[in-house]
Amino acid sequence: MKLYEYQARDLFTRYGIESAPGIVASNPYEASEAARKLGGACAIKAQVLVGGRGKAGGVKIAKNPEEAHTHAGNILGMTIKTLPVRKVLVSKALDIEREYYMGLTVDRTDKSIVLIASASGGVDIEQLAEKQPEKVHRLAINPLKGASDEETEGMLRGVFEKEGLLTQAMDTAKSLFKLFMENDCSLVEINPYALIKGGELVALDAKIVIDESGMFKHEKLEDMRNREEYGPDELEAKGWGLSFINMEGNIGCIVNGAGLAMATMDIIKLFGGAPANFLDVGGSSSPEKVLHAFEIILHNSGVKAILINIFGGITRCDDIAKGILQAKKEMDLSVPLVIRLIGTNEKEGRALLEKAGIEAHEDLVKAVQKVVEFV
Amino acid sequence: MSILINSKTKVLVQGITGHDGSFHAGSMLAYGTKIVSGVTPKRGGQVINGIPVFNSVREACDQTKPDCSIIFVPARFATSAIRESADAGIPLIVCITEGIPVLEMLANYHYVREQGLRLIGPNCPGLITPEECKVGIMPARIHKAGSVGVISRSGTLTYEIVYNLTLKGHGQSTCIGIGGDPVVGTDFVELLDLFEKDSQTSAVVLIGEIGGEDEERAAEFIADNMEKPVVAFISGKTAPPGKRMGHAGAIISGGRGTAEAKVKAFQEAGVRVADRPDEVPELIA
């Protein structure tokens, strides 16, 4: 789950991490008012859940409240990577001497949490790590043990050389780690982490991504969920216990299991077709789930045929067959259906379909070839 | 021989009184798996399918001495279930549960290892040594005893490939689902190593998918350390970047973890890569 910058800043504040003063605005009037309160000169920043807003023109500097009004008006009308900008953050302009980077993430290969810092902040850290790895300092942290002050200081000393900065950076790193662990984060990032005139380090941006699997522990964070992170079909599917992702092709797919669902899309492509979606009905599928799967797929008027690929394990083929028959009865299934049914209770499932005059394949490749012929 | 489990393996089922636990305990038992005990807190003293139920893993271990534990408890209780098994010193812990928070799994990973034990999963179908022992939820009848080792990040896709193997007469030594999460207890490399050393296994099938770099590391290991032939299949060639494809670990992020990169790594390591599940048996032969 991704948070907007302004939401992430709120969490930073709760953990004692200082950000540049800022106010959220939903229209130009609020933006100019915010600029006035903050003392005039401000950055007007689009609030979006994707990166690259700067390049897209979603961040502008305003010298005074009037300019804040104009910039906010322009930015609030923008669409950045298909997402419309509905809010801007008006952030007080500060005298920046240097931009650093600090962040925490999970290294799934190394099985550690990594604290990352750099004295070359304000740029894409992944690109920097690739081009100039010597500028990116890392500390791998064993989650059972945490990091000792000595380890943290040892790493940060290479980035924040002056003693005054090092103390501040240490405090921030500790708070950031606490925030990361207590909220089941998968990414927390301050970029840039700026040294301002007077010698203070301040967060100029805030990025937080929370692990979906950890959300059951954090009811309060649920209030921060931004539904626009997901497409409307994805959200609907989630509500029914289905995993769904829209694609650009015209062959709708209903599959059990994520790996098989991906492989099914790949095989469709291999035979010259194009999948319209990824859809995993999950294990222990009830007939209702199949019905909902059809509904969601048929929202897309571009779908010209549907392939159902089931390899029953926990999923029972007769449940799937019942769902298909119910869908045939209750819905306007105007597109051709190709079914591949195998595994647990396949005889029962197949018999149900045959009675209704519906053919079910055993062989996946044949089923894919057939569905590709239809489009 | 096989790896990790065989006809002598004694199995404990954690969460045996639950919906999934009781069903799969029954089906494992029917396959011939030696299930010696079950655990559900506060349900000690019950008997399910002839299996005695205990309140704690410790108690079950004292009385029935299992070599392996399989976990069916919901995600919010999974970490304590894994650690309970680890604290009791069970050498092989198999966690079927999906949806365990990543930071908990990171800690569990180290917790289990520091005690010299092995965790398979989570978010996996378990493992099977055909015609001997099944510790998992896979449909048993698609399997046949033989000499092909199978390792996979997926469930049903593994069934698809095993089905094709059996259909073409390639039985399996042991099949292991390592799990679809970003952090799993045992990775491809460790199991490749076990298969390389296993006298019954003559070839290995590796089923990977987008996300992470476990496949790339496996390719490197194969090139440097393996004599036995390996055939790979990678799913997610059509997956869009930045989207989690059903499995929490199946995501292309920052241009990393693509199917192309994995296929290339395998090909460079001399591993044959199948385009379709039904091509896997031909590539082994």
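These legends describe views of a predicted model with chains A and B. Residues are numbered from 1 along each chain as its sequence is written, and chains are lettered from A and ligands numbered from 1 in the order in which they are written. In this predicted model local features need pLDDT of at least 70 and side-chain atom pairs count only at pLDDT 80 or more, while totals for chains, interfaces and linings use all residues.

**View 1. Contact between chain A and chain B.** On chain B, 44 residues are in contact with 42 residues of chain A (contact: C-beta atoms, placed from the backbone, within 7 Å). Helix 3 (75-87), helix 4 (102-114) and helix 5 (156-167) of chain B each supply at least two residues of the side that touches chain A. With 7 residues, helix 4 of chain B gives the most to that side.

**View 2. Residue classes on the side of chain B that touches chain A.** This side has 21 nonpolar, 13 polar and 10 charged residues. Nonpolar covers Ala, Val, Leu, Ile, Met, Phe, Trp, Tyr, Cys and Pro, charged covers Asp, Glu, Lys and Arg, and polar covers the others, Gly among them.

**View 3. Fold of chain A.** Chain A has 13 helices and 17 strands (DSSP runs numbered from the N terminus: helices H or I, at least four residues; strands E, at least two). Its C-alpha trace spans about 80 × 50 × 40 Å along its principal axes. Of contacts in chain A between residues at least 6 apart in sequence, 68% join residues at least 24 apart.

**View 4. Confidence.** Chain B averages a pLDDT of 96, and 100% of the residues score at least 70 (pLDDT: the predictor's confidence in each residue, from 0 to 100). The model scores ipTM 0.94 and pTM 0.94.

Definitions and conventions:
Contact = placed C-beta atoms within 7 Å.
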